[in-house]
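Please read them alongside the model.

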Amino acid sequence: MKGYRWLTVPMVLAGVLLAAACGSSSKSTTPTQAPGGATAPAASPSPSVAAAAQCNKAANQTEGVTATEISIGNTDAYSGPASAYAVIAKAEDAYFKWVNDQGGINGRKIKFTSLDDSYSPPKTVEQTRALVEQDHVFADFNPLGTPPNTAIRQYLNDRGVPQIFVATGAATWALDHPKYPCTIGWQPNYQSEAIIYAKYLLASKPNAKIAVLYQNDDYGKDYLKGLQTGLGASASQMIVKEESYETSEPDVSPHVTTLKNTGADVFIVVATPKFAAQAMKAAAQLNWKPLIIDNSVSVDLNTMKAAGAGADGVISAAYLKDPSDPAWASDATVVQYKDILAKYAPGADPNNVFNFYGFAVADTLVQAIKQAGQNLTREGLMKAADNMNYSSPYTLPGITITTSDAQKDWAPIEQMQLEKYNVAKGSWERFGQVLEGAVR
Amino acid sequence: MREFAQLLIAGLSTGAIYASLALALVLIYQSTEVVNFAQGEMAMFSTFIAWELIDKGMPFWAAFALTLALAFFGGVTIERVLIRPVEKASVLTIVIVTVGLLLIFNNLAGGIWGFQLKTFPSPFPSGTWQVSGVVISQQSVGVFGVALLLMALLAVFFRFTALGLAMRATAMNREPAELMGIHTTWMLALGWGLAAVVGATAGVLVAPIVFLDPNMMQGLLLFAFAGATLGGFESPGGAVLGGLLVGVAQAMIGNYVSFIGTDLSLTVAMAIIVLVLVFKPTGLFGQAAARRV
């Protein structure tokens, strides 16, 4: 899976109530370590004068770490309208169980505590406090969603608790890292992706007249910003119309009508699955045949199928291997992923990209913990996450996970490969080189 | 001109979706004087049942008929089991029960069918007509036609049939209605059943356009409410016209009032509605209620 920030619950009435009514927590009641009672040898973190801001505010640098265990927290939407994403945390849990059965990391096993926040920021704050103050987790790993992560960022940074590899595509995690050194993203952010589309258009269709449909929120505006950055001086000339929609609208067809009338020959769809499908379908119905670029938030096969004939030849971008793609059927990582999933999460659908995403990001965390070394500290973990150069077996060939304090690069994945949808085959086909979309 | 016509068509198509759901709201209000916040979710749930039946291989129309029957019984059952015990309580209590139902149906559907997008087969052809350059989707025309048909049926039902009159009488003033020999408790249950049927029809109609997922009705319900309020909660014709007006206003304002743009088009559409209600609180077609106290 690729992007997440899309959920803006339009329900005026029920939205308020959902926060109050939903969400039983699946909190484990294992005895937790007393604060200050770390059994692992402390790394005696020297208050070094580092060039970049460090995540070193924690009073107890080794809280949640013992000689045999690392306690990792997480929040995800197990209830409420965003529950489709709960698959991710379940996959991560399965992956960590497998890691533990392999002997853990540096002799330590991962204790993974994932709580339900219903994708509601106030609930996320509450659950995160429980994770930090009651469960004494070492780090908060891959919490879901831009609004929930924004709500807990200050809190975790004040306490020096790593908010590591968050499950959202906002650009702020990379751009504001100096201010929030305990927070780092993972997947390509929306601006990166848009820059990649811009590069492709500049190279293959320099005289394009671009019409953009975008969701009227930070997620949509991030893409728009990336597109303008990527097109540079040509932006004002190439983009003929930017049209926004609200998530409360039932059907975006009226906007597509407006965009068609501009005479554009490229149609960029920055929309969540339902609206993206409507937009592509509407273009076909209106006999408008531009080159359609669909954001990676809405590329699952259900969405493409819903778009009907409008999905043919649509271009998007990917960074992970697709477990449902026959091209990867005999890939060692994909085969192993399917085996682990079958054993540790029986009943989970291996073709659901959320499962693969969960494995991929959990694998990166394991890599960062390994890199942080035997004397694991919160500061050390963030230092490792800030300075990675990792060829993940889960990403597409040529795409590496790189960060660097020296280069001020705090966006782990910034490369993607373009892909084109084939309606007859019902699948995506990758093409061209891996493209860079660095945002600094 | 062509652009205007195309936007008008787009607005009317969206408006027809609001109108069909607004009719269900009006129906339940007319027959019980309760505003049912769960109406949208009940319609969504019925639509999922229809989807399941079609997915299992049942022909579309058979699945549709069976769904309507199930929706009717579902509506009646909800009234008998959940609304009856609180019917003597304040209106607020009943409203809260319906809000609870909203959450229950939403999560139930998510639990059973998941939150992934599903396509729903359309009873209407998926093609388009071109009238001097203006594209008209046959599906939207179908939705429009059914909304008008439902409206006519409801208007006739409430005005000219004994059952319809009995239901209205029950809603308006229960005790005299009962003295007239009307079986009032069953009238209320019947109202819920019929509203569920209209809701299910609306759900099946719009699902091919807005796609099927547990949250499909949330935005819709809001605008259906706006449409029903604008037109008047007491008039099926008003509800349809209100729904259409909301749809057209949304499409037009975003496109033509440049300083507003698409960012604020919803806000402006809503502001217009509030303005109308300030001058005509019962809605465009509502009648001021005169009641003996």
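1. In this predicted model, the contact between the two chains draws 38 residues from chain A and 36 residues from chain B. On the side of chain B that touches chain A, the elements giving two or more residues are α1 (2-32), α4 (91-113), β2 (134-137), α8 (184-210), α9 (218-231) and α10 (236-256) of chain B. The largest share of that side, eight residues, is from α1(B).

2. Sorted by class, the side of chain B that touches chain A holds 17 nonpolar, 16 polar and three charged residues.

3. Within chain B, helix α2 (residues 39-55) packs with α8(B) at an angle of about 65°, the axes being 8 Å apart. The crossing of these helices is right-handed. From α2(B) the contact takes Gln39(B), Met42(B), Ala43(B), Met44(B), Ser46(B), Thr47(B) and Ala50(B); the residues of α8(B) include Ala195(B), Gly199(B), Gly203(B) and Ala207(B). The contact of α2(B) with α8(B) has ten nonpolar, five polar and no charged residues. α8(B) is also among the elements listed for the side of chain B that touches chain A.

4. Within chain A, helix α13 (residues 353-372) and helix α14 (residues 378-386) pack at about 115°, with their axes 8 Å apart. Their crossing is right-handed. Ala368(A), Ile369(A), Gln371(A) and Ala372(A) of α13(A) meet Gly380(A), Leu381(A), Ala384(A) and Ala385(A) of α14(A). Six of the residues in this contact are nonpolar, two are polar and none is charged.

Technical notes
Residues are numbered from 1 along each chain as its sequence is written. Chains are lettered from A and ligands numbered from 1 in the order in which they are written. This is a predicted model: local features need pLDDT of at least 70, side-chain atom pairs count only at pLDDT 80 or more; totals for chains, interfaces and linings use all residues. Two residues are in contact if their C-beta atoms, placed from the backbone, lie within 7 Å. Helices (H or I, at least four residues) and strands (E, at least two) are DSSP runs, numbered from the N terminus. Ala, Val, Leu, Ile, Met, Phe, Trp, Tyr, Cys and Pro count as nonpolar, Asp, Glu, Lys and Arg as charged, and the others, Gly among them, as polar. Axes are lines fitted to C-alpha atoms, for helices over the stretch in contact, and angles run from 0 to 180 degrees between N-to-C directions. A crossing is left-handed if the near helix is turned anticlockwise from the far one by less than a right angle, and right-handed if clockwise.
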